[in-house]
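Hi everyone, thanks for coming. Let me put the structure up, and then we can walk through a few spots together.

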Amino acid sequence: MKRKGLIILLIVAIVVIALYSGIKGSYNNMVVRSEAVSAQMSNVENQYQRRADLIPNLVNTVKGYASHEQTTLEGVVEARAKATQTKINIDDAASLSKYTEAQGELSSALNRLMAISESYPDLKANQNFRDLQTQLEGTENRISVERRKYNEAAQGFNTYIKMFPRNILAGMFGFAPKAYFEAQAGAEQVPQVQF
């Protein structure tokens with residue numbers, strides 16, 4: 001009888017240890033994946049900040065050649081201010097959407113600023129302007145790459161926490177799906193080119 005009780009106690013101990021290990025492993029993996037998503041969002045924000053840091057130099061360069069384009073220059077400055085003031089919460093899709101919208105407005109303002117250069121050959125020939133334009137183009141590419149990497153990290157995290165039985169643990173420990181970067185409204189429409 002004593003031996004039977006010892007065997008039952010041993011089996012219960014093994015089951016408890018296995019459950020503990022499984023829960024601990026899943027929880028720790030959720031933490032690691034969540035932190036990877038946060039780190040990737042920091043990379044995205046770094047690239048947006050890099051772009052924002054280039055804008056004052058670009059505006060000042062253009063201002064010297066196109067002083068009567070004040071409305072466009074002010075639009076860029078205002079869009080930059082709005083984009084840098086918008087805070088992001090990766091656990092909230094509405095926050096991410098608002099952040100993306102502010103960054104999109106800044107991109108549109110920058111496109112208008114770049115279009116000005118077509119009217120000013122001296123500006124287009126300015127080495128400083130060309131260098132800033134090249135840096136800005138490179139930054140836009142980096143932003144695109146970092147956003148894609150963020151979406152991949154968010155997808156990996158979201159998939160992980162939605163699979164059974166981890167979905168139960170994720171709910172118990174407060175892990176929620178991360179929002180994705182999405183294309184801006186109207187991006188699916190082909191632009192019309194008229195000559």
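Let's start with Thr139, which is buried at a relative accessible area of 0%; buried means under 20%, exposed over 50%, and partly exposed in between, with a 1.4 Å probe and protein chains only. Before going on, please note that this is a predicted model, where local features need pLDDT of at least 70, side-chain atom pairs count only at pLDDT 80 or more, and totals for chains, interfaces and linings use all residues. Residues are numbered from 1 along each chain as its sequence is written, and side-chain values use heavy atoms, with hydrogens and water left out.

Thr139 sits in helix α5, residues 127-162 (helices are DSSP runs of H or I, at least four residues, numbered from the N terminus). What does Thr139 touch, not counting residues up to four places away in sequence? The answer is Gln47, Arg50, Arg51 and Leu54, with contact meaning heavy atoms within 4.5 Å. Arg50 is 89 residues from Thr139 in sequence, yet their C-alphas are 7.1 Å apart in space.

Leu19 belongs to helix α1 and counts as exposed because its relative accessibility is 53%.

Finally, α6. Its buried residues are Arg166, Leu169 and Ala170. Seen down the α6 axis, these fall within an arc of 100°, so they line one face of the helix; the arc is that of the directions from the helix axis to the C-beta atoms. Those buried residues pack against α1 and α5, while Gly171 and Met172 are exposed on the other side. Just after α6, Gly174 takes a positive phi of about 80°.

Note on methods:
Helices (H or I, at least four residues) and strands (E, at least two) are DSSP runs, numbered from the N terminus.
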